[in-house]
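Good morning, and thank you for coming. Please look at the model on the screen, and let us begin with the surroundings of the first ligand.

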Amino acid sequence: MSTSSSSSPPFPHDEDGVDGHQCNDDDDDGRRLSLLPRVDHDETIIVGETKWLRLETLSYLVESHDDDDDDDDEDDDAPPPVLPPSHDAAGPLSPPRARGNVAMRRWDRVVRTTKRSESSIDAVLILAVLRNRRRRYDDDDDDEEDLLVLVRQYRPAVDMDVLELPAGLIDDDENAHEAALRELKEETGYLGTNVASDEIPILLGTYLSPGLTNECACLVRVDVDMNRPENRRVFDAHRVDNENTSSNGIGAANCDYMETDEIERMMTTVLLPMTNVRNSIHEYLAWEGERVGGRIKCGIFTGLYNLAVGMDMGNAIKMKTTRSSSTTTTAKNEKEVEVEVEVEEEGGGGDEGGASSSSTVDDAATAAISNEDEKLSSSLSADDFPLVILEFEGNENEEEVIHRRPTSATSQAVTSALRSSGFLLVKTDLLPLELQRRTLRATRRYLTNRRHVERGRVISHPTDPKAYAMIEGMNSLLEYDEYDDDDDVDDRLVGDTEETIMPSMMMHDLEEWYRAMRETRNALLRCISVGLGMDDDDDIDVLVRLHDEDNDSLRLLEYSRGDATTGNRCKEHSDYGTLTLLLNDGISGLEAYVDDDDEVGGGSWRPVPYVEGCIVVNVGSILSKWTGGALRATLHRVAGPASVGVRGGRGGAYAESLLRGVSVPRYSIAYFADPNGDVIIDADELVVGDDDAIRGKFQMSVLDYIRWRSYGGGSDRSGVAFTSMEKSRLANVR
Ligand SMILES: O=C(O)CCC(=O)C(=O)O
Ligand SMILES: [Fe+2]
């Protein structure tokens, strides 16, 4: 955006009354005068317009007390506005009028053509602070300070770079909070979260250069959490660059994560320590001066410098009161307040199918508690949850990727992970990062859509602190628009602001995700076929064909905010289908119960790592039964801080990340792949090769199995009773 701050005066034309004369009007009863001054928009002259900006000459009415105003034509020498030919052709520009002691004057202003209304807020200025840098990321003591995120970019209007707050125009379909997160990401690469702040209690529209323009912006507070791996990667890119270029370690950084147009705008990210922003700005300018041979080539955005001065003033006041106060609590002490909660105990539910899992949920819960120390110290294990990039044989440029054969290395890697932990991370071209992000956005929109909630499409889980929506099969997804045809535009509530969103856009994104999931599911089923050695006759589609009935479903999940006392956000359970493909937003919590050895209950809860761009894949109990237990349907859960015990830092970095994670809603999208209803789950069919020991253990149709697990077992995927919606879904399984 252009944050214009003009130092040169605009061009006022003092034109009093008709032909510069003021006159009295008997009708005037003073009421009118009390409304003055004001602009008479009917009189606005458009002097010129480009795609983005319009130059207007406004007429505004003022109360005049000067009887000699008519002689006071100071502005005779002011240049007349250059009018487009249409003005001349139209003959009289309505002449400036005046009534009573009212005088009409003129003012030139610049208006954005994108402005929605006279009073709307055009843009956000982003006050983004990089937090939590040291704990999990960096052992370097120097690096623990919070940093202010700034951008520097070339501004043609002043023919130099300007150091600014990240900022941007608010798009039609978003509110200021969303615009701030989007712009921050586009301009710096950082993923932020909105923070409520005492300093900025409301979004107040403020004027950037009111002499020149009605451009209006509000300040939005955003935190950038360095516990998020994506942010650490962006920071790494800064760091490398800083080491090469900056003398003081805080300088400009070329950011690898910029969007293309940001690169074209030659934008760089600049991080300055929060403790002394004004000083750092001066240091930065001095360093810049050195770099370009004594000539400072970087300007400062007024809003940034004023903020820095304000911070200085605040610090000075704080230091004064601290010195004169006998009982002082430093910010540091406040941060060190201990959080003490009990370890949550849970039992019951779980995979009551039992045969595939060697431990009951009670065992698991007991083991989880007794293994707490080990669990807390356990780092993310690449052995437990390997990251597999799906690769296929043949020509990269071939169009029909989905029918390509996975390489045997890919197949073996997938199958061996599903044999040992039952979980793996998958990265594939079928699921581009951009699509993943869009899908998460669409999911959040779906779940926060008021009408979806009102119509019962979004269901609160009876026991878990979560809400979810089931999209059952591609057909139900495609039918969506039909039963929603009265709603061209849906309302949704984000924060305090009502917004509108086209449901079709949201559904289109979800449909795209569903299709991509189905292809990924097929690729994985082929990997499993090859990995289990079932493709002797070169038929890698043997499993794919048994899933061609559109029985899969998407579960859109929102875990609500909690606090240090929040235990599991999703209770431990195993999934019941073939495979679950899970996309989540990177908020910590997903854990799998991994056996340490073959002993019953000898396992522990391990965090499933989040890697941006990857999905998590795990085995459901149908596939586990089908393979006679060779592939594992592993218990998993979404933990909260109290699940692992947070005791004054004892929980370590992971517990702290759960604590932070529970301060925001968490979103995920589970895709459950289910086989066709009449498929017989027969361990004899799927188990080939050396697995003779587990043959013949199980034989049941998919439909019977689901019925058994739901009614007989009395539990759903999440270890609690089915909701009525899920029961009706089961009734519809063919
Ligand atoms: O949200 C998650 O990360 C896990 C969800 C899950 O396991 C499920 O819905 O079955
Ligand atoms: Fe699950």
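Around ligand 1 we find R555, L557, Y559, H573, D575, L582, L590, H636, V638, R666, S668 and F672, where near means having a heavy atom within 4 Å. This is a predicted model, in which local features need pLDDT of at least 70, side-chain atom pairs count only at pLDDT 80 or more, and totals for chains, interfaces and linings use all residues. Residues are numbered from 1 along each chain as its sequence is written, chains are lettered from A and ligands numbered from 1 in written order, and side-chain values use heavy atoms, leaving out hydrogens and water.

Which side chains place a polar atom close to an oxygen of ligand 1? For Y559 the distance is 2.5 Å, for S668 it is 2.6 Å, and for H573 it is 3.0 Å; a polar contact is a pair of N or O atoms within 3.5 Å. Taken alone, ligand 1 exposes 290 Å², of which the protein buries 99%, with accessible areas computed by the Shrake-Rupley method with a 1.4 Å probe.

I turn now to the metal. The iron ion, ligand 2, is coordinated by H573 (NE2), D575 (OD) and H636 (NE2), at 2.1 to 2.2 Å; donors are N, O and S atoms within 2.8 Å of the metal, or 3.2 Å for Na, K and Ca. Their spacing in sequence is H-x1-D-x60-H.

Thank you for your attention.

Definitions and conventions. Polar contact = N/O pair within 3.5 Å; in protein donor to acceptor, adjacent residues only side chain to side chain.
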